[in-house]
Amino acid sequence: MRPPSLRFASRLGTRLGHGLPGFRALGPGSVSSLLKTALDITYGLLIFLTLLTCLVFAVVAIIPMDQVGLTVTSDTGGTRIPLPRAHALFGIGAFVGYFGGFALILRHLRRIFRTLTLGDPFHPDNVSRLKQVGYILAIVTGGVWLGQLLVSRLVRGVMDPPSLFNLVTPAFSVLVVFVLAEVFREGARLRRESELTI
């Protein structure tokens, strides 16, 4: 006999998958387990890219950079600007932060999908995992926006600076993640109540 928490999650999974013949939302062999596999692969790729950019960062910090320049092209032509070591390290470091941030997001999502695959979506830890995803997404989004602003100032006239309107969709995504965290919190509370009444 399954514990009450798994019975509650199983009933919920059946409702979520209702109307989709042959598809189950939760448990082994479900859509959740398929998505977890995709997340595992993507997570591995992001870890590889993060380590690769860290290696490039270390190489650029050591090698001489006297003749290195950056050419930025646009419809009206191109601009070549010198690329000091500090600027190069800043740019590569931004990529390290970008890849590393999304690797952290996927790390938390993989743990959430692991609970879905086990048939326990309202695991109490999923609330904090979703909140951490929201915080990391907000930091990465803000960092990308600031990076674009700095680059547009560096190549003034070639690249337009980002507007605050560019932050609307990412900000909405962050809010959705925090709302989902509260939904999971409420689901965890209902699960506890269900366990107490059985």
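This is a predicted model: local features need pLDDT of at least 70, side-chain atom pairs count only at pLDDT 80 or more; totals for chains, interfaces and linings use all residues.
Glu-182 takes part in a salt bridge with Lys-131, at 3.8 Å from N to O. This pair links distant parts of the chain, since Lys-131 is in helix H4 and Glu-182 is in helix H5, 51 residues apart. Lys-131 is partly exposed too, with a relative accessible area of 24%.

Glu-182 also meets Arg-185 in a salt bridge, at 3.3 Å from N to O. These two are three residues apart in H5, so about one helical turn separates them. Arg-185 has a relative accessible area of 38%, which is partly exposed.

Now the two helices. H4 covers residues 125-154 and H5 covers residues 168-197; they pack at about 170°, with axes 8 Å apart. Angles over 145 degrees count as roughly antiparallel, so H4 is roughly antiparallel to H5. Among the residues that meet are Leu-130, Lys-131 and Tyr-135 from H4, and Val-177, Phe-178 and Glu-182 from H5. The contact divides into 13 nonpolar, four polar and three charged residues.

H5 itself has 30 residues and spans 44 Å from first to last C-alpha, close to the 44 Å expected. Its buried residues include Val-174, Ala-181, Phe-184 and Arg-191.

Asp-125 is partly exposed at 36%, whereas Arg-129 is buried at 15%.

Elsewhere, Lys-36, Asp-40 and Arg-110 form a network of salt bridges. The whole structure has six salt bridges.

Conventions:
Residues are numbered from 1 along each chain as its sequence is written. Side-chain values use heavy atoms; hydrogens and water are left out. Axes are lines fitted to C-alpha atoms, for helices over the stretch in contact, and angles run from 0 to 180 degrees between N-to-C directions. Helices (H or I, at least four residues) and strands (E, at least two) are DSSP runs, numbered from the N terminus. Angles under 35 degrees count as roughly parallel, over 145 as roughly antiparallel, 65 to 115 as roughly perpendicular and the rest as oblique. Contact means heavy atoms within 4.5 Å. Ala, Val, Leu, Ile, Met, Phe, Trp, Tyr, Cys and Pro count as nonpolar, Asp, Glu, Lys and Arg as charged, and the others, Gly among them, as polar. The expected span of a helix is 1.5 Å times one less than its number of residues. Buried means under 20% relative accessible area, exposed over 50%, partly exposed in between (1.4 Å probe, protein chains only). A salt bridge is a side-chain nitrogen of Lys or Arg within 4 Å of a carboxyl oxygen of Asp or Glu.
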